[in-house]
Each structure stands twice: as structure tokens, then as C-alpha cells.
Amino acid sequence: MIRTAMASGLALALVLSGAVVLATAPDKNTPATAVDADKFVARAEKDLADISIDANRAGWINATYITDDTDAMAAEVSARQTELAVKYAGEAAKYLNVPGLSSDTKRKLDLIRNGITLPAPSRPGAADELSTIATRLQSEYGKGKGTLDGKPISGSDIEAAMGTTRDPAKLKEMWVSWNDNVGVPMKADYAHMVDISNQGAKELGYADVGAMWRAGYDMPPDDFAKMTDRLWKQVEPLYLSLHTYVRWKLNEKYGDAVQAKTGPIRADLLGNMWAQEWGNIYDVVAPKGAGDIGYDTEALLKAKGYDPIKMVKTGEGFYSSLGFAPLPDTFWTRSMIVKPADREVVCHASAWDIDNKQDVRIKMCTKVNADDFVTVHHELGHNYYQRAYMNQPFLYENGANDGFHEAIGDFVALSITPNYLVQIGLLDKSRVPSADKDTGLLLRQAMDKVAFLPFGLLVDKWRWGVFNGSIKPDQYQSAWDALRLQYQGIKPPVARDASRFDAGAKYHIPANTPYMRYFLARLLQFQFYQAACKQAGWTGPLHRCSFYGNKEVGAKLQKMLEMGQSKPWPDALQAFTGSREISGQALVDYFAPLKKWLDEQNKGKPSGW
Ligand SMILES: [Zn+2]
């Protein structure tokens, strides 16, 4: 099982979710029994576990040593794995309504049937056709280019340039060229892919592909959709306060002609191609004095002579302080922690569990800076989760839901507070920022973590509509713009007509990676953090809490992690937090002092759009 780093990454291609599968039509005439179902599950589980190890090994070698040969070997195993998943998903659907199934067998049948992202129908040729389109979409995205000053610029370079450029004309050029060049050519393929995969989903017993994705949350698909709406309502007022403040600051910087004092924010001014995280323009919105948090993690790391290995050792140290066993020796001999000098590798950070047991690894081209210090904690969170559930049966070796896996490392990283940096000897005690720097600390966090929320919600709201047919191909653009306006309060820098396909210019759309997991993970990480801080007896402002060194927190966390996916996710959530509901309240509590400050700044200014 491979875990990749962040919602924003360009190179998430390793996620297995892109797999295309073929549904076998259930045979209505075969009277299957519960015993047959048990036998089927045992066989499928063993076969899927066996092939996963082959696929992990081939995938690892390929990602850490890219050649034509390793490409071919990885593709070959991946195709075999897909074929098997195809076969078993269709068979699982056949057994689901057999009377007298044990709860474990029922759960595993659901997992086998739902273990795929893009199902192909059983008619001859459909699987190949779907696979060809899906591969072409991913490859087109990977080769996509925008322009800057009229010259072509690659996806990763344009992403970086959107973060640092402050010239509105250049920002507009990059934004428009990227969305036009990458999105538009994909549109027909994408619509065709939606049609074919919907047929596959129906054969597996789902209303459409979106319903199939929503079925992975231990509740009826429609209830899951309602839950996400409820969660958004909890955090929406906080987002609105941030939006109001940021719009004002952008107006101050750029003037009325570029950013008006009212209405939506121009999407290309927010430091990110998709306006999904705004941390890159913190310098534009930081208040004088309070905005300066007084230390720089990169400078501290460098001053203390940290190298990539020491950064990972420090991350391990955090988990060890909670009582987790040290990483196995193989982690250190087999991980890729620095970029090799002599060969092509996939640098996008990821965490691996090669044998579904102890052989956990990370793959990073670690740089000594603050972002990678956080990423190390994030990736290790995947590894500790993987190791905690290694004694579960293979089909349960996964996060309680897909939001959980992404949230663990981030929740630990929230504990990288100034006082924690003192505890590990990075920051001098005298330099811990005083309470008057709280606004800066919180605003910097909010620019990424709060700004992301509406985007994290709307990507799959759009896709659910596309899959259920309420958004037709000639409405792809207008529906995307409408959702961006409704939830994010942003608008494109130029008018977009119905021939455009801006959604296609976001990696996870052509790559078919479900996105709601990132919305859930943003909320869950604060929920986990608040629970840990309560367990640790913390009474100060939430964002200053670090549970470093707290073995009780570690023991409770282990209880949740070791469950893997064996029980419905509310059971796992309860084991650690005591609550059975995902909630946005912890995030709201964390940012409460910032909300108060923002609302004071916003007094008398127009709010909303
Ligand atoms: Zn991750």
C-alpha cells in the first residue's frame, strides 16, 4: 500500500485509485451460500495480498530508479493486479445478498467490491477502452504546460511561480494558459470516461461512480453527502472571516482595478493555481509586528546542523516519545531519504508498506527546510499507521476511512509548536514567541488549513454531479465556476465560456483520485489534536499545545490505529477521541482567537460576495 503526501501534489500518480476494473456480471442462477461466500473471501484476500507485495516491490523499484525496464515491469504487475481486482469485485457483488453472512464476510465483500475507483463494464473491449482513456488523461496532465512571458513553463514550475509572482498580468497569463492548455483538450475524453465507468458502477450495484465513491464511508451514500454539508456549515463562518480579511488586503496591495473591495476574489491572486491554499501570499496579508512570528524553522534546522537523516530521526523521535517502537533497521537501509545523484526518481514524497508487515519505508528528496520537516512527520504518520494495523487481515490493513490515513501525520505535525522546538533543542527558550505573536502563528496556519476547506469540499461536489448526470458536459465549466463562486467566493481572472474545462486542469480530476478524503483529513487532524491535548491535560490556547512525550496519548492512539479498517470508522474515532462523529468544531476552537482578531479587523468592511 502506497501513501502519497498532500492534496496539492502534482505527482500523485502512484495512488492505486487510478486502476480501471472490469465488473463481472453476477450470475443470478447460482445459488451461493454463506459458506461459499466465506471461501470466496478467503481466496480473494489471499490472492490480493500476495499480488500487492509484488506490486509494491515493482512500484518501489520503478519510483526509485526510473528506466524503460522498470516502467515496463511495474506496468506489468499493475495490470495483473488490476485484472485480479476486476475479477473479484464482480464476484463479491454476487455474494453480497446471500443470507446468513457473518459481519466480517459482509464487510470484506463490501471492501472487495468497493476497492476500485474506476470500474469498467463487462462488455468486450470496454475495459481496454476505459484504461486507454484514463492513461491518456493522466499522461496529458503530466505533459501539460502553461506560459510565462509567452514561453512554455512546466506544471511544477508554474505551480511554484504562482506562489512567488506578484504581478497580476503575469499571474493572469499563467492561470489562463494553464487552464486552457491542460483542461480544454481533455474534455471529450473525460465525458466519455464518465459514461463508460458509470456503466461499470451500475453492474457492481451502485447508482453511479460518485455513489460508489460515497459508499466507502460505512453509511448510505446520500447520508455521507449530507454529512459533508453539515461539516462545511460548521467551518463556513471562519472561512468567511478569512475571505473578508484577505480580500481587503489584496485590494490594498493591488487596487480596485485588480481586486475590488466587494465581490469574489480574483482566483489567480491567491498564490496557488487552484486558489486552494493561500500560504504563499502570507507576506501580502501579514499584519505588521504581530505577523512576524519571530523565528524561522529553516534557519534553526540549518544552524543546528540538521541533515535529512537527522530530520527523519527527529520525526521518529516524536513517535517514540509517545511510546511507539522505533522504526525497524530496514526502514533506514531501504528508505530513500535524499535524492540520488545518479538516476531518475519520483521525488514526490510518499510512504510505503512493502510487505504489509514491518517493511515500511519513506521515499523523499528531503531538503532541510520547514516544509519538509512537516512532511517528514506526515509521511511517518502513514508508516506508523501501517505498522500498527499489520496484524489485521489484509483487507483490513487500511485507514478507518481514507481521511484518517492522511490526518495522522498532520495531526502530529500540529504539535510542532515553538515549545516543542525548545524541547528538542532547536529553539532557545528565550525566543519562544510571546502571546502577542499568536495572531501571526494562527494566520499563517489558516492561510493553508482554513483556505483549503471549501476547495476540498467542492471538487467532489462537482464530480458527484458529473457522475450522476446533473452536470452535463456542456455545463462542466459553468458548474465548476458556480461551485467555486458559491463555496470559495472566487472568480476566474477572465470570463470562461462553455468550451473551457478548468476542472480538468486540476490533477485529481484527470487522475480520478477521489478528493473528499482531503476535506475530511483537514477536520480530523484538528479533532485528533484536540483530543490528544485534552488527554495530555493541556489547558492553554489549543494551538500552543504539544503532546510530545505523552505515553497515555500514544497508547490511546495505538488503539485507534491498530484497528485499521476492521470496524466502521466511528468505532475507530471513538477509540481515540471518545466521539463517534467527525466534527469541524476542533478546527473552529483552534482558530477561535484568530477569528476574533479577524472580525475586529473586518469591522465596517464588506463581507461575503
Ligand atoms: Zn499522505
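Biologist: Let's start with a side chain I keep clicking on: what does arginine 343 count as by relative accessibility?

Modeller: The labels are simple: buried is under 20% relative accessible area, exposed is over 50%, and partly exposed is in between, using a 1.4 Å probe and protein chains only. Arginine 343 has 32% relative accessibility, so it counts as partly exposed. Before we go on, this is a predicted model, where local features need pLDDT of at least 70, side-chain atom pairs count only at pLDDT 80 or more, and totals for chains, interfaces and linings use all residues. Residues are numbered from 1 along each chain as its sequence is written, and side-chain values use heavy atoms, with hydrogens and water left out.

Biologist: Fine. Where is arginine 343 placed, and which residues does arginine 343 touch?

Modeller: Elements first: helices (H or I, at least four residues) and strands (E, at least two) are DSSP runs, numbered from the N terminus. Arginine 343 sits in the loop between α13 and β7. A contact means heavy atoms within 4.5 Å. Leaving aside residues up to four places away in sequence, arginine 343 touches Thr64 and Tyr65. Tyrosine 65 is 278 residues away from arginine 343 in sequence, yet their C-alpha atoms are 6.3 Å apart.

Biologist: What does the side chain of arginine 343 reach?

Modeller: That's a polar contact: a pair of N or O atoms within 3.5 Å; within protein, one must be able to donate a hydrogen and the other to accept it, and residues adjacent in sequence count only if both atoms are side-chain atoms. Here the arginine 343 side chain reaches the backbone oxygen of threonine 64 at 2.6 Å.

Biologist: Glutamine 259 is my next one. Is glutamine 259 buried or exposed, and which backbone atom lies 2.8 Å from its side chain?

Modeller: Glutamine 259 has a relative accessible area of 2%, so it is buried. Look for it in the loop between α9 (221-254) and β6 (265-266). A polar atom of the glutamine 259 side chain lies 2.8 Å from the backbone nitrogen of arginine 266. Not counting residues up to four places away in sequence, the residues that glutamine 259 touches include Arg247, Leu250 and Asn251, as well as Pro264, Ile265 and Leu269.

Biologist: Now the cysteines. How many disulfides does the rule give?

Modeller: A disulfide is a covalent bond between the sulfur atoms of two cysteines. The rule asks for a pair of cysteine sulfur atoms within 2.5 Å, and the count comes to two. The link is left-handed, with -85 degrees about the S-S bond. At 31% relative accessible area cysteine 347 is partly exposed, whereas cysteine 365 counts as buried at 14%.

Biologist: And what does the link of cysteine 533 and cysteine 545 look like about the S-S bond?

Modeller: Also a disulfide, with sulfur atoms 2.0 Å apart, and left-handed at -95 degrees. Cysteine 533 lies in helix α20 (residues 516-535) and cysteine 545 in the loop between α20 and α21 (551-562), so the pair ties together parts twelve residues apart in sequence. Both cysteine 533 and cysteine 545 are buried. In sequence order, the bonded cysteines pair 1-2, 3-4.

Biologist: Since α20 came up, at what angle do α18 and α20 pack?

Modeller: Axes are lines fitted to C-alpha atoms, for helices over the stretch in contact, and angles between N-to-C directions run from 0 to 180 degrees. Under 35 degrees counts as roughly parallel, over 145 as roughly antiparallel, 65 to 115 as roughly perpendicular and the rest as oblique. Helix α18 (residues 452-468) and α20 pack at about 150 degrees, axes 8 Å apart. That makes α18 roughly antiparallel to α20. Among the residues that meet are Phe452, Leu457 and Trp464 in α18, and Tyr518 and Arg522 in α20.

Biologist: What about α9 and α20?

Modeller: Their angle is about 45 degrees, with axes 12 Å apart, and therefore α9 and α20 are oblique to each other. Trp232 and Val235 are among the α9 residues in this packing, and Leu520 is one of those in α20.
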